[in-house]
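Let's take a walk through one protein model and look at a hairpin, some rings and a pair of helices. Have the picture open while you read.

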Amino acid sequence: MVDDWCNEITQKKMIGTVFLDFSAAFDILDHELLLAKLKRYGFSSSALLIIKSYLSERWQMVYFNGSESDLKQVRHGVPQGSCLGPLLYSIFTNDFPLALKTARMTMYADDTTIYLAERTIDGLNRKLSEEMKLVTEWVNCNGLILNVSKTTSMVIGSNYSLRSNPELNVMINNKLIKHVKEVKLLGIIIDHTLSWDMHIKRIITKIGNILSMIRRCSKYLTTQITKQVIQALVLSHMDYCTVVWSNTSLANIRKLQLIQNKAARVALMYGIRSNICLMHASLGWLDVKHRLSYLLMVFLKNIITTKMPYILYRKLSFSSNIHNYSTRHAAGGYFILPRALSQGTVLYRAMKEWNALPPNYVMQQRNMVSFKMKLRDYYFDRNFDY
């Protein structure tokens, strides 16, 4: 989705997005409609009976302040906290994108985003209004409920295209959707220029608060335990979804490096004037720039190895698929960089970084574990080499 947005911005277009919020989405699924869809998708009669048995004859009650309510039979929804719950919901909404005409849709469980690109704000408002009518029809037909008060819209584009502060005026059931300049989606803060400034700021704030607590407790912990706690509670925030936002500005990379330096000092209980390179070498940490590159290469290696997700794998342009003769790039497993892709997209950046790796890191490491070890050593030798 973000790659699509980057490509549209490169073509000097604005992207109108609507982030849908469903009220109690998992709790109001119609069982009969769900079973009808499963049958349409080819589920056998025995499988349908099992799922029907799984959904039916469920009862619930409320316990509050020492008192219990009467038992009520659950006639709608799928059990939350179960493995089947999100899967059944995804199957139930699988036909949702077919309701649209020109807009595109991405879904992850009940987080649904609708977007389309145009060169003018009037074009965005007109087309998105038409698409939202289709969305409303599908939602009503399938018995779901949109929470309009939490549904938001946003115009995404370059600083130049957004210089006049364009806003979307899109309505659902005669209610205007709130227009925002940033939104939190699946744990990532997306801003209207895809600068990732607010997301980086949030990471730094969260890490700073955690480090303050760890520092107060460090006198009761050994250095090894403190290091493990920081790796689990601090560095995990920096590693979350890095492939999406790692094209952020150098200024943001420097800010992340400063907070990682602070984490290193807390882990080793060193002073403010301690050598940064020596601290990272002692901890075995990559600097932020190479940490982001490492995670990007692991992400690409997983796509190449598993061919999943296929929607990304099919966009990879291998040199060996183009050249019929042996060349250094073709034999080394390198990529042809498509001109149609924006340089800010995940795939373009990943393929470009992959092409910069030495051949022995690319083709010779068939095993994922050995690939990660060799790749880490490669970037560790270049720590702070920029």
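Strands are DSSP runs of E with at least two residues, helices are DSSP runs of H or I with at least four residues, and both are numbered from the N terminus. Two strands pair if DSSP finds at least two bridges between them. Keep in mind that this is a predicted model, where local features need pLDDT of at least 70, side-chain atom pairs count only at pLDDT 80 or more, and totals for chains, interfaces and linings use all residues. Residues are numbered from 1 along each chain as its sequence is written, and side-chain values use heavy atoms, leaving out hydrogens and water.

**The hairpin**

Strand β6 (residues 104–108) pairs with strand β7 (residues 111–118) in the antiparallel sense, over 5 bridges. Methionine 107 stands opposite threonine 112 in β7. The hairpin has 2 residues between the strands, and alanine 109 takes a positive phi near 55 degrees there.

**The rings**

Rings of Phe, Tyr and Trp (its six-membered ring) pair if their centres lie within 6.5 Å; planes under 30 degrees apart are stacked, over 60 edge-to-face, and the rest tilted. There are 10 aromatic pairs in the structure. Here are two of them:

| Pair | Centre to centre | Angle between planes | Type |
|---|---|---|---|
| Tyrosine 310 and tyrosine 313 | 6.3 Å | 35 degrees | tilted |
| Phenylalanine 335 and tryptophan 354 | 6.1 Å | 70 degrees | edge-to-face |

Tyrosine 310 and tyrosine 313 both sit in helix α13 (residues 310–313), 3 residues apart, about one turn of the helix. Phenylalanine 335 lies in the loop between α15 (328–331) and α16 (346–355) and tryptophan 354 in helix α16, so their pair ties together parts that are 19 residues apart in sequence. Both phenylalanine 335 and tryptophan 354 are buried, where buried means under 20% relative accessible area, exposed over 50% and partly exposed in between (1.4 Å probe, protein chains only). One aromatic cluster is formed by Tyr310, Tyr313, Phe318, Phe335, Trp354 and Phe371.

**Two helices**

How do α12 and α18 run relative to each other? The axes of helix α12 (residues 288–306) and helix α18 (residues 368–380) come within 10 Å and cross at roughly 155 degrees. α12 and α18 are therefore roughly antiparallel to each other, a label for angles over 145 degrees, with under 35 roughly parallel, 65 to 115 roughly perpendicular and the rest oblique.

How values were computed
Axes fitted to C-alpha atoms, helices over the stretch in contact; angles between N-to-C directions.
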